[in-house]
Amino acid sequence: MLFFGVLPLLLVAVSAKDCYDEMTVACDPKGGGPIGSCSAMYGGIANAETSLQEFANANIHESFHLLMISSYFGNYEVNREGFKKLYRHYSDKLWEDAIDVMKYIAKRGGKMNFAQPSHLQSKDAVLEELKSLALVLDKQKRLAEDAFRIHSSALSGYVHNTPDGVQKPRSHDPAIAHYIEERFLEAHTERIRDLSGYITELKDLSLSGDNQIPVSVFLFDEYLQKSL
């Protein structure tokens, strides 16, 4: 029984060996040196860091894109206050998502790289109402698929290759998978469902009779103002 009580302590000591050794050298008056192993990084975060940076930047990119669309629908010529409110709402949500991802990267010992490219490409923000909904839905699906990829990689494990080309065992990171699942997967599902419903409703209204598109869009815009 004593063995099983001591074993966890031994495992902790082994896992902390790298930081301990570096700190021993760094604190030696005759030595000194870096203490990189004493950071908060562990598990697969070093391999997931780039994907998380890309995901954060994609959310920032799309947040500004939605803000542009919102401004367009809110100008005095178009005057679609419901659509303006809808896209501003989604813009704010994506901005919050980006900040949350950056906080998580920092919590796991990583750094945010705003230069990491985003694969989301913006089209012209000046669109009619139904097409703008379709464009935003497509972008939201891509963000959801990005979250799926990060989640899947964290569960299946990250491959480590040594400088001499030898492949080490996969490094799994259930903590990253849990974070993505809890923070994004359900939220993305809700947004995609809402946008899909808006498209179906507006399309059905627009096809309900001849020359009814302007009236249908007006009524749908009024609905958005009251429902958000």
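A salt bridge is a side-chain nitrogen of Lys or Arg within 4 Å of a carboxyl oxygen of Asp or Glu. The model is predicted, so local features need pLDDT of at least 70 and side-chain atom pairs count only at pLDDT 80 or more, while totals for chains, interfaces and linings use all residues. Residues are numbered from 1 along each chain as its sequence is written, and side-chain values use heavy atoms, with hydrogens and water left out.

**Exercise 1. Describe the salt bridge between arginine 149 and aspartate 146.**

Step 1. The closest N and O atoms of arginine 149 and aspartate 146 are 2.2 Å apart.

Step 2. Both residues lie in helix H5, three residues apart, which is about one turn of the helix. Helices (H or I, at least four residues) and strands (E, at least two) are DSSP runs, numbered from the N terminus.

Step 3. Buried means under 20% relative accessible area, exposed over 50%, and partly exposed in between (1.4 Å probe, protein chains only). Aspartate 146 is buried because its relative accessible area is 9%. Arginine 149 has 47% relative accessibility, so it counts as partly exposed.

**Exercise 2. State which parts of the chain are linked by the pair aspartate 100 and arginine 183.**

Step 1. These two residues form a salt bridge, with the closest N and O atoms 3.3 Å apart.

Step 2. The pair links distant parts of the chain: aspartate 100 is in helix H4 (residues 81-107) and arginine 183 is in helix H6, 83 residues apart.

Step 3. Aspartate 100 counts as partly exposed because its relative accessibility is 23%. Arginine 183 is partly exposed as well, with a relative accessible area of 27%.

Step 4. Asp97, Asp100, Arg183 and Arg191 are linked in a network of salt bridges. A search of the whole structure finds eight salt bridges.

**Exercise 3. Find the residues closest to the centre of the largest pocket.**

Step 1. On a 1 Å grid over the protein atoms alone, a pocket is an open set of points where a 1.4 Å probe fits, with protein on both sides within 12 Å along at least five of seven lines; lining residues have an atom within 4 Å of a point.

Step 2. The largest pocket has a volume of about 180 Å³, a volume being the space filled by probe spheres set on the points, which are joined across faces, edges and corners.

Step 3. Of the 13 residues lining the largest pocket, Ser51, Glu54, Asp146, Arg149 and Ile150 are the closest to its centre.

Step 4. H3 supplies the largest share of the lining, five residues. H3 and helix H5 (129-156) each supply at least two residues.

**Exercise 4. Describe the chain as a whole.**

Step 1. The protein chain has seven helices and two strands, in the order α-α-α-α-α-β-β-α-α along the sequence.

Step 2. Of its 228 residues, 36% count as buried.

Step 3. Of the contacts with a separation of 6 or more, 70% are between residues 24 or more positions apart.

Conventions
Contact = heavy atoms within 4.5 Å.
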